[in-house]
Amino acid sequence: MQNLITKRPRGTNDILPGEVEAWQFIEKTARNLCREYGYKEIRTPIFEHTELFYRGVGDTTDIVEKEMYDFKDKGGRSLTLRPEGTAPVVRAFLENKLYSESQPIKLYYIGPMFRYGRPQAGRLRQFHQFGIEVFGSKDPAVDAEIISLAVDFYKRLGMKAFDVQINSVGCSRCRPKVKERLHEYLIAYKGELCETCLGRLERNPLRIFDCKSKVCQRIMSSAPKPLDFLCDECREHFDKVKNYLDVLEINYSVNPGLVRGLDYYTNTAFEFFAEGIGAQNSIGGGGRYDNLVETCGGPATPGIGFGLGLERTLMALQSQKVELPLDRSPDVFVAVADKNSDFAVNEAVRILAILRREGFSAEKDYMQRSLRAQMKYADKKDFKFAVIIGEEELNRGSILIRNMKNGEQQEIPKAEMVEKIKMLIEGEK
RNA sequence: GUGGAUGUAGCUCAGUUGGUCAGAGCACCAGAUUGUGGCUCUGGGGGUCGUGGGUUCGAGUCCCAUCAUCCACCCCA
């Protein structure tokens with residue numbers, strides 16, 4: 001047990017049969033939604049040059065400062081397992097010159113992300129995100145569209161309770177003003193701020209809004225907010241986003257203290273919250289990043305996107321007792337009454353092939369079980385039907401079909417088996 | 001990176017003040033008059049008690065170390 005080769009690395013998880021169906025359902029829901037909204041999937045490597053995240057995510061963020069899963073390859077290059085999806089997609093957007101296609105470019109991804117930290121409830125070193133990015137449009141309707149997509153995602157999964165909070169952190173023109181005024185305000189409280197926020201005061205005072213320290217929160221509750229200093233353009237943008245959300249009948253609240261942890265956000269920032277994830281409550285978030293593409297060396301291109309945590313989504317669904325519509329039951333178990341009869345076993349193998357060719361999931365025993373044990377197995381594995389064959393029936397040219405839910409059993413001509421099963425399984429639905 | 005809790009069969013756990021202590025339930029496998037499941041009953045396989053030291057005549061049971069897990073902080077998904 002303690003042996004490393006039988007132990008998964010800290011902060012990682014195996015997703016086992018029985019659990020993976022929920023994941024497949026979530027992924028399928030995301031893909032369907034993206035198709036409906038016109039987003040195309042993009043798959044980027046799970047590791048990138050470390051510099052990408054340094055530049056793309058921002059070197060004052062915790063992600064870069066202490067959560068990077070980086071390593072040197074055999075060529076001495078510094079690489080990093082991606083901690084988030086936006087920077088890699090921006091990189092791919094630039095490297096493949098997607099900006100030369102007609103815009104907006106609408107992309108989505110589903111995959112693992114990595115952050116090095118102590119794991120706890122709702123926090124892993126390898127976790128999964130579903131994210132989307134839109135490049136090329138400043139239209140506030142896009143902001144509303146992606147929030148709408150996320151809300152639809154949660155709703156379609158059956159999530160009963162979650163909150164949408166939005167805010168605007170301003171653009172490169174109004175942001176300096178915010179930081180300046182915030183700094184002026186905070187100087188008076190310098191002695192009261194917690195240690196980490198003291199450091200943030202000079203480097204990035206906006207982040208102090210995120211602090212959970214009671215003292216800092218009290219101080220920030222009456223601090224000047226980014227919303228109070230938006231330029232006319234940003235103000236108008238934010239108003240239009242809210243308008244479109246109203247048109248879409250999406251419930252949201254404006255949280256003037258919402259500041260996302262990544263440095264690249266401009267204008268719209270939003271976050272989704274739910275309960276039941278240990279001490280965590282954020283299940284996803286995103287925002288606009290109108291300067292990021294240019295920062296990474298590309299043509300000035302506005303962008304916006306979100307990242308939703310899949311583990312956290314799953315945990316929230318579980319704590320809300322949401323039943324996902326999963327069908328884990330296989331269709332037909334082919335049981336052989338005379339397990340020592342080559343004739344019967346051959347027939348079973350043949351029937352399996354026929355059923356599978358028709359698209360049914362079908363299995364037989366491979367453990368030399370008695371008929372009784374085969375039936376027990378079929379029951380435990382939750383098969384919908386059992387086809388039972390023995391020399392007796394075969395000699396008559398027939399087989400037995402048993403409904404494992406209610407025990408109804410009938411003998412029918414072998415030639416009618418496929419049609420009969422089709423009919424029965426249709427009837428189940 | 002910091003702090004707290006925990007670590008006995010696949011799972012959930014019992015194991016008194018150190019001396020039949022290696023157990024229970026569930027799960028798994030096989031049977032219950034030999035061709036049929038879901039209830040019940042019987043039997044069986046499976047653990048060097050996380051690991052390494054130490055104290056002791058003797059340690060899951062005490063001490064130290066180590067590893068791991070969980071929870072929380074920082075921060076976020």
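The following paragraphs describe a predicted model of a protein chain with an RNA strand. Residues are numbered from 1 along each chain as its sequence is written, and chains are lettered from A and ligands numbered from 1 in the order in which they are written. Local features need pLDDT of at least 70 and side-chain atom pairs pLDDT 80 or more, while totals for chains, interfaces and linings use all residues; side-chain values use heavy atoms, without hydrogens and water.

Chain A is assigned two domains: domain 1 covers 4-174 + 230-319, and domain 2 covers 332-428. Such bounds come from an automatic or database domain assignment. The centres of domain 1 and domain 2, taken over C-alpha atoms, are 48 Å apart.

An open sheet of eight strands runs in the order β1-β5-β6-β11-β10-β9-β7-β8, with mixed pairing. Its edge strands, β1 (40-41) and β8 (253-254), each pair on one side only. Strands (E, at least two residues) and helices (H or I, at least four) are DSSP runs numbered from the N terminus, and two strands pair if DSSP finds at least two bridges between them. Within the sheet, β10 and β11 (residues 303-309) are antiparallel partners over five bridges, and R288 stands opposite I304 in β11.

RNA strand B is surrounded by 47 residues, the closest being R115, R123, R200, E392 and M404; a residue is near the strand if one of its heavy atoms lies within 4 Å of it. Of the atoms of RNA strand B that come within 4 Å of the protein, 49% belong to sugar and phosphate. By class, the surrounding surface has 23 charged, 13 polar and 11 nonpolar residues. Here Asp, Glu, Lys and Arg count as charged, Ala, Val, Leu, Ile, Met, Phe, Trp, Tyr, Cys and Pro as nonpolar, and the others, Gly among them, as polar. Helix α13 (371-380) is one of the elements that supply at least two residues of this surface, and α13 gives the most, with six.

Polar contacts (pairs of N or O atoms within 3.5 Å) can also be followed to the phosphates of RNA strand B. A polar side-chain atom of K380 lies 2.7 Å from a phosphate oxygen, and one of R369 lies 2.9 Å from a phosphate oxygen.

Methods. A polar contact is a pair of N or O atoms within 3.5 Å; within protein, one must be able to donate a hydrogen and the other to accept it, and residues adjacent in sequence count only if both atoms are side-chain atoms.
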